[in-house]
There are 12 protein chains.
Amino acid sequence: MERTYKLIELVGVSEKNYEEAIKNAVAKATETLFGLSWFEVVELRGRIDDNQVVEFQAKLKVAFKLIKS
Amino acid sequence: MERTYKLIELVGVSEKNYEEAIKNAVAKATETLFGLSWFEVVELRGRIDDNQVVEFQAKLKVAFKLIKS
Amino acid sequence: MERTYKLIELVGVSEKNYEEAIKNAVAKATETLFGLSWFEVVELRGRIDDNQVVEFQAKLKVAFKLIKS
Amino acid sequence: MERTYKLIELVGVSEKNYEEAIKNAVAKATETLFGLSWFEVVELRGRIDDNQVVEFQAKLKVAFKLIKS
Amino acid sequence: MERTYKLIELVGVSEKNYEEAIKNAVAKATETLFGLSWFEVVELRGRIDDNQVVEFQAKLKVAFKLIKS
Amino acid sequence: MERTYKLIELVGVSEKNYEEAIKNAVAKATETLFGLSWFEVVELRGRIDDNQVVEFQAKLKVAFKLIKS
Amino acid sequence: MERTYKLIELVGVSEKNYEEAIKNAVAKATETLFGLSWFEVVELRGRIDDNQVVEFQAKLKVAFKLIKS
Amino acid sequence: MERTYKLIELVGVSEKNYEEAIKNAVAKATETLFGLSWFEVVELRGRIDDNQVVEFQAKLKVAFKLIKS
Amino acid sequence: MERTYKLIELVGVSEKNYEEAIKNAVAKATETLFGLSWFEVVELRGRIDDNQVVEFQAKLKVAFKLIKS
Amino acid sequence: MERTYKLIELVGVSEKNYEEAIKNAVAKATETLFGLSWFEVVELRGRIDDNQVVEFQAKLKVAFKLIKS
Amino acid sequence: MERTYKLIELVGVSEKNYEEAIKNAVAKATETLFGLSWFEVVELRGRIDDNQVVEFQAKLKVAFKLIKS
Amino acid sequence: MERTYKLIELVGVSEKNYEEAIKNAVAKATETLFGLSWFEVVELRGRIDDNQVVEFQAKLKVAFKLIKS
C-alpha cells in the first residue's frame, strides 16, 4: 500500500496535434524512467511561423511509481 | 426568457484523442438527459501503461436546459 | 532587444477538433495582423445540438510582435 | 452532526440583474429539491444582442442537505 | 461554421450597480464595434470616497464576431 | 474502454477531522450510488462555536462509473 | 509618494442585492477606519431559507491608507 | 440582518496534524477576538528537519462577527 | 462619471530587470494610445541562453481611458 | 512549538522598483508590529501618468508571530 | 546567503490519513535526497473501493537545499 | 521537430532583488544541466529579520531541452 509516485514536468511538441505532443513527451520520458502511470495536462500553447500554426506544445506532468528501496 | 441550465460533471475516455473522449461522455449523457446545450472542458489527463499512452481522459461540465415545470 | 509583443484574445471554432479551431482563429488573425509568433490556449468549450457535439471552441491568446516605430 | 450537503451547478438568467438571475435558478431548483441551504456564485456572464445587454447569466452552486437515510 | 470571435477587455463604472457598469462598458464598445455577442465578468471592484462607495467597477471581456474577409 | 464517470459535489462534516468528514460524505453517497471510484478534495472549511472548532467541513467531488446502457 | 495601504477582508450581507451588501460592509468599516480608498470583491455567496434567497453575501477586501507616522 | 464579518489570516502549527494546527490558531485568536464563527483553509504546508516531518502548518482565514456599533 | 477603460495585453522585455521590461512595453504602447492610466502584471518569465539569463519578460495588461464619443 | 503567525495585507509603492515598494510596506508595518517574519507577493501593478510609469505597486502579505499570551 | 532550493513533486498514500500520506512520501524522498527542508500540499484526493475510502492521496512539493558546488 | 523540454522547480534567493534571485537559481542549475532555455516565475516571497527585508526569494520553473537519445 505504501507506494509513492513522483511527477516530472515536460513539454512535448508536435506539428500535428496535442495528443501527439503528449505521446512524444511520454515516449521521451520512457527512455529513462520506469513505471510511468498517468499524466496531467498543465498548459497548451503553440508556435506560429509565417502565418501558420507550426507547432502544438503540451506542458504535462508525468507520474511514475518510485521503486521499493 | 426565464430558462435555467444545469451542469453535470463527467469524465470521458478515449484511446484516440480528447475530442473522442468528449464525444463519448456527451453520448453517455444523452442516454438519460434531454436538451444538452454546451460543454466546458475542466481538466485533461490520461493513463500510461507499458510505456504507452493508453487513454485520454477529459473531465467536462455538460449543460442542459431544465424543462419548464 | 527591445521588442514588444501584443496579445489578442480570440475564439476559434471547428466541427472537427481543437487543433482546427485554433488554426481557424489564427488564420483569421493573419488577415489583419503581421508577425504572429505564438498562442496560448485559455479555455476549451463546445456546443451540443440534437444530442451531438457539433462544435469545438478554443479560446486562445495570439501574440504578435509590434513593429518598430 | 453527521449531515451531508450536496451541491448542484446551475445557470440562471435574467433581463434585469444578477440577483434576479440567482433567484430564478434557486426557484427552479426548489421545484425538485428540498432543504436548499446556500449558494456560491461561480461565474457571471451575459448575452448582448443588437447592441444591448439582453441577459445577465449567473452560474452558481446550490447546496442542499441530504436527508437521513 | 468557421466564424471567429474576438474578445476585448473593458472596465465599466457606475455609481449605482454592477449591471449598469456592465451596460456602460458595452454601450461604449458599440460605438466602434459591430456584432457584440456576449460578455464575461472578470473582476468586480469599486472606489470609496469620503466614507461612501462612490463607484462600482466591472472588468469584463466583451466578445464580437469578426466579419468574413 | 468507453466507460464514463460522473462526479458529484458533496460537503461532509465531522467533529474530529477531515478524513472522517470525507468518509461521512462518501458513506452518504453509497446509499444511493454504485461504483464509487475516487474523490477529489475541493475545499476545507470549518465552524467555530463558543471559542471551539466544533466542525470540520470537507467539500469534495466523488466520482463513480456510469453503468453501461 | 511613499504611502502604504492596508487591506482588510470583510463579509457584508443584504436581503436585497450585492451592492447593498458591499455598502453595508464598507459602512461598518468606516466606524473604526479612516481613509478608505477602494474595495475588491473576492467572493459572492448567499443563504437560502424556506425555498427563498434570504441573503446576499459579498466577501470583499477594503483598502485604506495608513497614516504617516 | 445587517451584520458584518471580518476575516483575519493566521498560520497555525502542530507536530501532530492539520486539525490540531487549525485548533491552535483558532485558540490563539480567541485570546483577543469574540464571536469567531467559521474558518477557511487557505494553504497546507510543513517543515522537515533531520529527515522527519516535524511540523504541519495550516494557513487559514478565521471569520468573526463585528459587533454592533 | 461614465468613463470606460480598455485593457490591452503586452509582453515587454529587458536585459536588465522586470521594471525596465514593463517600462519598455508601456513606452511602446504610448506610441499609439493616449490616456494610459495603470498596468497589471500578469506573468513573469525569461529567456536563458548559453547558461545566462539574457532576457526578463513581463506580460502586463495596460489600461487606458476610452475618449468620449 | 505552538506558535501562531498572523498575516496582514499591504500595498507598498515606489517610483523605482518592486523591491523598494516591498521594503516601504514592510517599513511601515514595523512601526506598529513586532516579530515580522516573512512576506508573500500577491499582486504587482503600477500607475502610468503622462505616458510614464510613475509608480510600482506591490500587494503583499506580511506575516508576524503572535506573542505568547 | 546564495543557497538554492529544488522542489520535487510527489504523491504519497495512506490508508489512515493525509498526515501519514505526507510522511510516507517524505520518508521515500529521504532515501535518495539530503537536506529536505519543507513541503507544500498541492492536492488532496483519494480512492474508494467497495463503498469504502481505502486510500488518502496527498500530492506535495518537497523542497531541499542544493549543495554548494 | 520532436524535441522535448523538462522543467524543474527551484527557489533562488538574493539580498538585493528578484532578478538576482532568479540569476542565482539559474546559475546553480547550470552546474548540472545543459541546454537551459527559459524560466517561468511561479512565486515571489521574502524573509524579514530584525525589521528589515533580508532576502528576496523567487520560486521559478527552469526549462531545458532533453538531449536526443
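The model is a predicted one, and every value below was computed from it.

## Strands of chain H

Strand E3 (residues 52-65) of chain H has 11 of its 14 residues buried, so the strand is largely enclosed by the rest of the structure. On one hand, E3(H) pairs with strand E1 (residues 4-14) of chain H in the antiparallel sense, over 10 bridges, and Gly12(H) has Ala58(H) in E3(H) as its bridge partner. On the other hand, E3(H) pairs with strand E2 (residues 36-49) of chain H, again antiparallel, over 12 bridges; here Leu36(H) has Phe64(H) in E3(H) as its bridge partner. The hairpin of E2(H) and E3(H) has two residues between the strands, and in it Asp50(H) takes a positive phi near 55°.

## Aromatic pairs

Over all chains, a search of the whole structure finds 36 aromatic pairs. One of them joins Tyr18(I) and Phe56(I), whose ring centres are 5.1 Å apart with 70° between the planes, an edge-to-face arrangement. Since Tyr18(I) belongs to helix H1 (residues 18-30) of chain I and Phe56(I) to strand E3 (residues 52-65) of chain I, the pair ties together parts that are 38 residues apart in sequence. Tyr18(I) counts as buried because its relative accessibility is 4%, and Phe56(I) counts as buried because its relative accessibility is 0%.

In chain K, the rings of Tyr18(K) and Phe56(K) have their centres 5.1 Å apart and their planes at 70°, so this pair is edge-to-face. It links distant parts of the chain, with Tyr18(K) in helix H1 (residues 18-30) of chain K and Phe56(K) in strand E3 (residues 52-65) of chain K, 38 residues apart. Both Tyr18(K) and Phe56(K) are buried. In a further case, Tyr18(A) and Phe56(A) form one aromatic cluster with Phe39(C), a residue of another chain.

## Salt bridges

Side chains of opposite charge can pair when their charged atoms come close. The count comes to 108 salt bridges over all chains, and the table gives three that lie within single chains.

| Salt bridge | Closest N to O distance |
|---|---|
| Lys59(B) and Glu43(B) | 3.2 Å |
| Glu55(E) and Arg47(E) | 3.5 Å |

In chain B, Lys59(B) lies in strand E3 (residues 52-65) and Glu43(B) in strand E2 (residues 36-49), so their bridge ties together parts that are 16 residues apart in sequence. Lys59(B) counts as buried at 4% relative accessibility, while Glu43(B) is partly exposed, with a relative accessible area of 23%. In chain E, Glu55(E) is buried, with a relative accessible area of 0%, and Arg47(E) is partly exposed, with a relative accessible area of 32%.

Some of these charged residues belong to a network: Glu40(A), Glu43(B), Arg45(B), Lys59(B), Glu40(F), Glu43(K), Arg45(K) and Lys59(K) are linked by salt bridges.

## Relations between chains

Chain A can be laid on chain K with an RMSD of 0.0 Å by a turn of 120° and a shift of 0.0 Å along the axis, which is the relation of a three-fold axis. The C-alpha of chain A nearest that axis is that of Ile8(A), 4.5 Å from it.

Chain L can be laid on chain I, also with an RMSD of 0.0 Å, by a turn of 120° and a shift of 0.0 Å along the axis; of the residues of chain L, Tyr18(L) comes closest to the rotation axis, with its C-alpha at 5.2 Å. The contact between these two chains takes 13 residues from chain L and 13 residues from chain I. The area buried between them is about 1,200 Å², of which carbon and sulfur atoms give 62%, and in chain L the residues that lose the most area to chain I are Glu19(L), Lys23(L) and Phe39(L), together 43% of what that side buries. One salt bridge is counted between chain L and chain I, and in it the side chains of Glu40(L) and Arg45(I) meet at 3.7 Å, N to O. Only 15% of the interface residues of chain L are also interface residues in chain I, so the copies meet through different surfaces.

Other chains stay apart: chain B and chain H do not touch, their nearest C-alpha atoms being 22 Å apart, and no contact joins chain D and chain I, whose closest C-alpha atoms lie 16 Å apart.

Note on methods:
Residues numbered from 1 in each chain as written. Chains lettered and ligands numbered in written order. Predicted model: local features only at pLDDT ≥ 70, side-chain atom pairs only at ≥ 80, totals over all residues. Heavy atoms only, no water. Phe/Tyr/Trp six-rings, centres within 6.5 Å; stacked < 30°, edge-to-face > 60°. Helix = DSSP H or I, 4+ residues; strand = E, 2+ residues; numbered from the N terminus. Buried < 20%, exposed > 50% of the residue type's maximum accessible area, 1.4 Å probe, protein only. Pairing = 2+ DSSP bridges. Least-squares fit on C-alpha atoms with pLDDT ≥ 70 in both. Contact = heavy atoms within 4.5 Å. Buried area = accessible area lost by both parts, 1.4 Å probe. Salt bridge = Lys/Arg side-chain N within 4 Å of Asp/Glu carboxyl O.
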